[in-house]
Amino acid sequence: MDIGTREDIACLLLHGFTGEPFEMEPLLEHLLARGIHAEAPLLPGHGKGVAAFATSSFSEWAEASEQAYLELRARFAAVAVVGLSMGGSLALRIGQRHQPAGIVTMAAPVYIYRWFPPEVCDWRLPLVGMLRRVTPMVKTRPPSPESRAIAPWQGIGEVMCLEPLHSLMQGLKPIRHDLGAVRAPLLVLHAPGDRIVPVGNAWEILRRVGSSRRRLEFLPIQERITSRHVLTTHRETRAQVCELVEEFVMSLECNSPAGFCACGQQV
């Protein structure tokens, strides 16, 4: 078997903050149907209720995702890491520490908010460091049935646990600072109008990584009900996500020296 054949490459699919592997299932099933091995592990603290999540931290999620990568790498000659939201951030971290065959980030943050240019999805975010000392969690507005129908999701959606959120915000800082260490071929997916992760993150990642082959694809969403964040299950984007990821992973087999930039143009 030659390195780079479909049977010799695997995909590690990483879910997002407060989420579960459920949000990666459409992509997982698509890749498996195409003969591409894929796995979507459950990150520590997730999928076990609020109490378990409230005591988990970024270091645990990072260590677990890295271990999952190393286990796949021991079995396959090439491993691509694909992550939604925080999962994409963890994919970048793996790219800084190892040599994955490729990386796909989907609505991934390297910052949660910034002052210049101003991007703050929730005015409370800059206060999380202080608020966590006052209360362990704050209530959030759960998605409406209409929203869940458009973009199915499972996870913790009734409250926001502030200690894990603060841990995430701190954990993103070294990832953002060291983006130049990411050398693997990179595909960045983001929806304009994302209400959870500012779209400026997509440009930040694309601009600062050290990858010679990189590509940015914006996936416009027309509806105005959801957060326009869960690209993997959203009815307007999930098919396109599957196609783009499959195309990207299959292209890694060729080891092509060609580079890509924003909007899919070669450089």
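This is a predicted model: local features need pLDDT of at least 70, side-chain atom pairs count only at pLDDT 80 or more; totals for chains, interfaces and linings use all residues.
1. Let me start with Glu247, which is partly exposed at a relative accessible area of 43%. This residue belongs to helix H9, residues 238-251.

2. The aromatic side chains deserve a look: the structure holds 6 aromatic pairs. In one of them, Phe53 and Trp61 are stacked, with 6.0 Å centre to centre and 5° between the planes. Phe53 is buried, its relative accessible area being 0%, and Trp61 is buried with a value of 0%. Both belong to one aromatic cluster that includes Phe17 and Phe58.

3. Tyr113 and Trp115 make an edge-to-face pair, because their planes stand at 75°, with ring centres 5.6 Å apart; the cut-off for that class is over 60 degrees. Tyr113 counts as partly exposed at 22% relative accessibility, while Trp115 is exposed at 61%.

4. Trp115 also takes part in a nonpolar surface patch with Phe116 and Val120, and together they have about 420 Å² of accessible area. Val120 sits in the loop between strand S4 (102-106) and helix H5 (128-131), and is partly exposed with a relative accessible area of 36%.

5. Between them the chain passes through helix H8 (residues 200-208), giving a right-handed β-α-β crossover. Within this pairing, His190 stands opposite Phe218 of S8.

Notes
Residues are numbered from 1 along each chain as its sequence is written. Side-chain values use heavy atoms; hydrogens and water are left out. Two strands pair if DSSP finds at least two bridges between them. Helices (H or I, at least four residues) and strands (E, at least two) are DSSP runs, numbered from the N terminus. A crossover is right-handed if, with the strands pointing away from the viewer, the path from the first strand over the helix to the second runs clockwise. Patches are made of residues with over 30% relative accessible area and no salt bridge: like charges are joined within 9 Å, nonpolar side chains (Val, Leu, Ile, Met, Phe, Trp, Tyr) within 5 Å. Accessible areas come from the Shrake-Rupley method with a 1.4 Å probe; for residues, only the protein chains shown count as cover. A salt bridge is a side-chain nitrogen of Lys or Arg within 4 Å of a carboxyl oxygen of Asp or Glu. Buried means under 20% relative accessible area, exposed over 50%, partly exposed in between (1.4 Å probe, protein chains only). Rings of Phe, Tyr and Trp (its six-membered ring) pair if their centres lie within 6.5 Å; planes under 30 degrees apart count as stacked, over 60 as edge-to-face and the rest as tilted.
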